[in-house]
Amino acid sequence: MGGSLDARAELSVDTAQRLVRAAVQAPSRRERVALRAALGRVLAQDLLVSNDIPPFDTAAMDGYACAAAELDAGGNADLRLAGSALAGHRHVGSVPPGCCLRIMTGAPLPAGCDTVVPHEQCIDDGVRVMLRGARPGAHCRKRGEDLACGAVALGAGSRLGAAELGLAAAMGCRELRVWRRPRVALLSSGDELRAPGQALGDDGIYDSNREILAALATRCGAEVVDLGCVPDRVDALRDALLQASADADLVLTSGGVGGGDADHLRAACADLGDVAFWQLAMRPGRPLAFGRIGQGPRAALLFGLPGNPVALMVAFYVMVRDALLRLGGAQPRELPRLRALAQTPLRKRAGRVEFQRARIARLANGGWGAWSTGAQGSAQLRSMIDADGLLVLPAAQGDLRIGDPVEFIAFEGLA
Ligand code: AMP
Ligand code: MG
């Protein structure tokens with residue numbers, strides 16, 4: 001990790017993201033899975049096209065196929081009908097000079113035909129067809145036009161969504177080689193935490209964070225190992241961290257990461273590994289540890305996330321998501337940002353970058369407007385529920401007024 005920094009230092013988000021990226025290693029283990037099971041997985045090798053797509057010259061419209069040479073300068077011709085072709089039913093035989101073929105979308109074009117004239121431009125009396133205003137070469141998909149044999153259809157590192165799986169199916173793949181899912185061990189820490197079903201007593205709260213982390217990690221392609229709630233004791237946390245790191249690639253903890261009397265992550269990590277930073281110059285999510293537990297190839301990366309649920313979620317989106325996708329072999333792109341105009345005043349203290357929750361909608365002038373989801377306390381999960389995403393308010397930014405420009409990152413597609 002390049003040595004620990006001053007424990008009180010607040011790292012900028014950019015610097016922290018760079019440190020994390022440098023520490024993350026690509027996966028090494030692959031497996032083969034059936035196409036249907038590959039949704040959300042990451043391709044572990046380039047997928048080369050083994051058959052041209054489309055595999056033959058294909059009609060792209062319902063109409064009549066002919067040779068462009070039959071058309072006069074105005075794109076007109078008067079031809080004899082030589083038969084018909086449907087998708088899945090190739091015309092057997094040739095289309096002699098002076099003839100055309102009735103053809104439907106998806107049908108193979110017969111040899112010699114390179115033009116399809118949509119049926120609206122044709123008059124067919126059952127024997128002869130008048131073609132009007134045709135464009136030579138129009139409405140044909142050439143063999144290999146989408147993907148030619150030997151081309152890379154999908155690169156290693158592609159995350160497999162609907163389009164990718166459709167393309168793999170179009171190439172006749174039944175299975176794909178994908179990276180093994182990264183294993184993510186998660187735990188919550190806090191004496192106040194109760195599992196749903198347990199009595200709360202007079203000083204307990206239910207544990208939200210393991211649910212949140214399990215959901216977020218799963219959506220980023222991880223296999224989740226849930227280690228439950230750990231009490232606020234150094235030895236208990238230490239044991240849990242050791243257990244968590246034993247066969248996980250990444251350990252996510254929640255709570256106990258600050259400098260308070262019941263915050264023991266720091267002490268628990270002391271001789272287990274190497275922590276690169278403990279605090280980030282961001283809100284929410286300031287106390288946030290990143291490091292490594294264990295040594296050598298069996299070491300696991302660690303994110304110690306803050307206990308407040310909103311802070312935990314923001315920290316995940318800003319810091320963990322990219323790392324987890326990379327651990328899974330993906331090559332995530334920088335998230336697109338929208339420019340919106342604030343439609344509610346936004347309180348912002350200069351000093352740290354702030355990620356506030358907002359809804360967005362189109363304004364009458366066609367641009368995007370952003371509305372705060374209300375109270376932005378880092379424990380107020382409600383502010384996430386109504387949000388479409390995060391406003392990114394830079395460190396130097398102060399309060400914003402209605403109409404001020406803001407940057408917005410959408411949650412949709414974050415996982
Ligand atoms: P900590 O980061 O441990 O100082 O916790 C900060 C705040 O988050 C405290 O109010 C905790 O009670 C709360 N908190 C910690 N862990 C969880 C959790 N798993 N679910 C809900 N709230 C939590
Ligand atoms: Mg705590």
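Strands (E, at least two residues) and helices (H or I, at least four) are DSSP runs, numbered from the N terminus. The model is predicted, so local features need pLDDT of at least 70 and side-chain atom pairs count only at pLDDT 80 or more, while totals for chains, interfaces and linings use all residues. Side-chain values use heavy atoms, with hydrogens and water left out; residues are numbered from 1 along each chain as its sequence is written, and chains are lettered from A and ligands numbered from 1 in the order in which they are written.

**View 1. H139 and its backbone angle.** H139 is found in the loop between β10 (128-131) and β11 (140-141). Its phi is positive, about 60 degrees, although H139 is not a glycine. Most residues other than glycine have a negative phi. With 26% relative accessibility, H139 counts as partly exposed (buried is under 20% relative accessible area, exposed over 50%, partly exposed in between; 1.4 Å probe, protein chains only).

View 2. I53 and P54 are joined by a cis peptide bond with omega of about -10 degrees. P54 lies in the loop between β3 (47-48) and β4 (58-59). Another cis peptide bond, between R283 and P284, has omega of about -10 degrees. P284 is placed in the loop between β20 (282-283) and β21. Most peptide bonds are trans.

View 3. Of the 15 residues around ligand 1, E192, D207, S208, G256 and G307 come nearest (a residue is near a molecule if one of its heavy atoms lies within 4 Å of it). By class, this shell has three charged, eight polar and four nonpolar residues; Ala, Val, Leu, Ile, Met, Phe, Trp, Tyr, Cys and Pro count as nonpolar, Asp, Glu, Lys and Arg as charged, and the others, Gly among them, as polar. A polar side-chain atom of D207 is 2.6 Å from a nitrogen atom of ligand 1. Oxygen atoms of ligand 1 lie 2.8 Å from a backbone N or O atom of G256 and 3.2 Å from a polar backbone atom of N308. Taken alone, ligand 1 exposes 480 Å², of which the protein buries 74% (Shrake-Rupley method, 1.4 Å probe).

**View 4. Aromatic cluster of F277, F290 and F303.** F277, F290 and F303 form one aromatic cluster, and the structure holds four aromatic pairs (ring centres of Phe, Tyr or the six-membered ring of Trp within 6.5 Å; planes under 30 degrees apart are stacked, over 60 edge-to-face, the rest tilted). The ring centres of F277 and F290 are 5.8 Å apart with planes at 35 degrees, so this pair is tilted. F277 lies in strand β19 (residues 273-280) and F290 in strand β21 (residues 287-293), so the pair ties together parts 13 residues apart in sequence. F277 counts as buried at 3% relative accessibility, as does F290 at 0%.

**View 5. Polar contacts of T115.** T115 lies in strand β8 (residues 115-118) and counts as buried at 0% relative accessibility. The side chains of T115 and D114 make a polar contact at 3.0 Å (a pair of N or O atoms within 3.5 Å; within protein, one must be able to donate a hydrogen and the other to accept it, and residues adjacent in sequence count only if both atoms are side-chain atoms). A polar side-chain atom of T115 lies 2.8 Å from the backbone nitrogen of G137.
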